[in-house]
Amino acid sequence: MREIVRHSEIHRVTRYRDILESAGIQTLVRNENLSVTDAPIPEFYPNLCVLNDEEFPRAVQVLKEHEEKMAAGVEIEVTCP
(Lines give C-alpha, C1' and ligand atoms only; values in the text may rest on other atoms or scores of the structure.)
Protein backbone atom coordinates (compact mmCIF):
# COMPACT_ATOMS: atom_id res chain seq x y z
CA MET A 1 0.00 0.00 0.00
CA ARG A 2 1.38 3.40 -1.05
CA GLU A 3 0.10 6.89 -0.42
CA ILE A 4 -0.65 8.83 -3.58
CA VAL A 5 -2.53 11.94 -2.35
CA ARG A 6 -2.65 13.86 0.93
CA HIS A 7 -4.78 16.98 1.18
CA SER A 8 -6.50 19.05 3.85
CA GLU A 9 -9.82 18.92 1.96
CA ILE A 10 -11.59 15.55 2.15
CA HIS A 11 -13.69 16.26 -0.95
CA ARG A 12 -10.55 16.45 -3.08
CA VAL A 13 -9.23 13.17 -1.70
CA THR A 14 -12.55 11.41 -2.30
CA ARG A 15 -12.74 12.79 -5.85
CA TYR A 16 -9.33 11.29 -6.60
CA ARG A 17 -10.49 8.05 -5.00
CA ASP A 18 -13.52 7.97 -7.31
CA ILE A 19 -11.31 8.62 -10.35
CA LEU A 20 -8.96 5.77 -9.46
CA GLU A 21 -11.74 3.39 -8.49
CA SER A 22 -13.50 4.04 -11.81
CA ALA A 23 -10.21 3.08 -13.52
CA GLY A 24 -10.26 -0.23 -11.62
CA ILE A 25 -7.56 0.72 -9.11
CA GLN A 26 -8.28 -0.29 -5.52
CA THR A 27 -7.76 2.45 -2.95
CA LEU A 28 -8.14 3.25 0.73
CA VAL A 29 -8.80 6.64 2.32
CA ARG A 30 -6.99 7.09 5.63
CA ASN A 31 -7.60 9.79 8.26
CA GLU A 32 -11.02 10.41 6.75
CA ASN A 33 -12.61 11.17 10.11
CA LEU A 34 -9.77 13.41 11.22
CA SER A 35 -10.57 15.87 8.44
CA VAL A 36 -13.18 17.57 10.62
CA THR A 37 -10.57 18.86 13.06
CA ASP A 38 -9.33 22.43 12.88
CA ALA A 39 -5.72 21.44 13.48
CA PRO A 40 -3.62 22.27 10.40
CA ILE A 41 -1.29 19.31 10.88
CA PRO A 42 -0.45 17.64 7.55
CA GLU A 43 0.16 14.27 9.21
CA PHE A 44 -3.56 14.19 10.08
CA TYR A 45 -4.84 15.26 6.65
CA PRO A 46 -6.94 12.72 4.78
CA ASN A 47 -4.81 10.67 2.44
CA LEU A 48 -5.48 8.30 -0.40
CA CYS A 49 -3.52 5.10 -0.73
CA VAL A 50 -3.27 2.68 -3.63
CA LEU A 51 -3.69 -0.80 -2.17
CA ASN A 52 -1.55 -2.71 -4.69
CA ASP A 53 1.96 -1.32 -5.09
CA GLU A 54 2.06 -2.70 -8.65
CA GLU A 55 -0.80 -0.36 -9.62
CA PHE A 56 0.87 2.77 -8.25
CA PRO A 57 2.53 3.91 -11.53
CA ARG A 58 -0.75 3.48 -13.37
CA ALA A 59 -2.58 5.43 -10.65
CA VAL A 60 -0.11 8.30 -10.99
CA GLN A 61 -0.68 8.31 -14.76
CA VAL A 62 -4.48 8.26 -14.38
CA LEU A 63 -4.42 11.26 -12.03
CA LYS A 64 -1.93 13.10 -14.24
CA GLU A 65 -4.16 12.63 -17.29
CA HIS A 66 -7.16 13.80 -15.27
CA GLU A 67 -5.37 16.97 -14.18
CA GLU A 68 -4.26 17.68 -17.75
CA LYS A 69 -7.85 17.36 -18.99
CA MET A 70 -9.09 19.64 -16.22
CA ALA A 71 -6.46 22.25 -17.10
CA ALA A 72 -7.51 22.07 -20.76
CA GLY A 73 -11.14 22.62 -19.81
CA VAL A 74 -12.31 19.18 -20.93
CA GLU A 75 -15.53 18.09 -19.23
CA ILE A 76 -14.93 14.84 -17.36
CA GLU A 77 -17.50 12.37 -16.13
CA VAL A 78 -16.50 10.32 -13.09
CA THR A 79 -18.52 7.30 -12.00
CA CYS A 80 -18.89 7.18 -8.22
CA PRO A 81 -19.22 3.82 -6.46
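I began with helices, which are DSSP runs of H or I with at least four residues, while strands are runs of E with at least two, both numbered from the N terminus; the expected span of a helix is 1.5 Å times one less than its number of residues.

**Entry 1: ground rules.** I noted that this is a predicted model, in which local features need pLDDT of at least 70 and side-chain atom pairs count only at pLDDT 80 or more, whereas totals for chains, interfaces and linings use all residues. I also noted that residues are numbered from 1 along each chain as its sequence is written, and that side-chain values use heavy atoms, with hydrogens and water left out.

**Entry 2: the overall layout.** I found 2 helices and 3 strands in the protein, and reading from the N terminus I wrote their order down as β-α-β-β-α. For contacts I used heavy atoms within 4.5 Å, and of those with a separation of 6 or more, 68% join residues 24 or more positions apart.

**Entry 3: helix 1.** I looked up the length of helix 1, which has 13 residues and reaches 18 Å from its first C-alpha to its last, close to the 18 Å expected at 1.5 Å a residue. I took buried to mean under 20% relative accessible area, exposed over 50%, and partly exposed in between, with a 1.4 Å probe and protein chains only. By that rule Val13, Thr14, Tyr16, Asp18, Ile19 and Leu20 are buried in helix 1, and the buried residues of this helix pack against strand 1, strand 2 (27–30), strand 3 and helix 2. After helix 1 comes Gly24, and I wrote down its positive phi, near 85 degrees.

**Entry 4: the core.** I then turned to nonpolar cores, meaning sets of buried Ala, Val, Leu, Ile, Met, Phe, Trp, Tyr and Cys residues joined through side-chain atoms within 4.5 Å. The largest one has 14 residues, and Ile4, Val5, Leu20, Leu48, Val50 and Leu63 have the most contacts inside it. At least two residues of this core come from each of strand 1 (2–6), helix 1 (10–22), strand 3 (47–50) and helix 2 (56–71). Over the whole protein, 28% of the 81 residues count as buried.

**Entry 5: charged pairs.** I asked myself which residues meet in salt bridges, a salt bridge being a side-chain nitrogen of Lys or Arg within 4 Å of a carboxyl oxygen of Asp or Glu. The count comes to 3. Glu3 and Arg6 meet through their side chains at 2.6 Å, N to O, and Arg12 pairs with Glu9, with the closest N and O atoms 4.0 Å apart. The side chains of Asp18 and Arg17 meet at 3.2 Å, N to O; here Asp18 counts as buried because its relative accessibility is 10%, whereas Arg17, at 23%, counts as partly exposed.

**Entry 6: the surface.** I recorded an accessible surface of about 5,400 Å² for the protein, of which 50% belongs to carbon and sulfur atoms, the areas coming from the Shrake-Rupley method with a 1.4 Å probe, and for residues only the protein chains shown count as cover. I lastly looked at Met1, which lies in the segment before strand 1 and counts as partly exposed because its relative accessibility is 48%.
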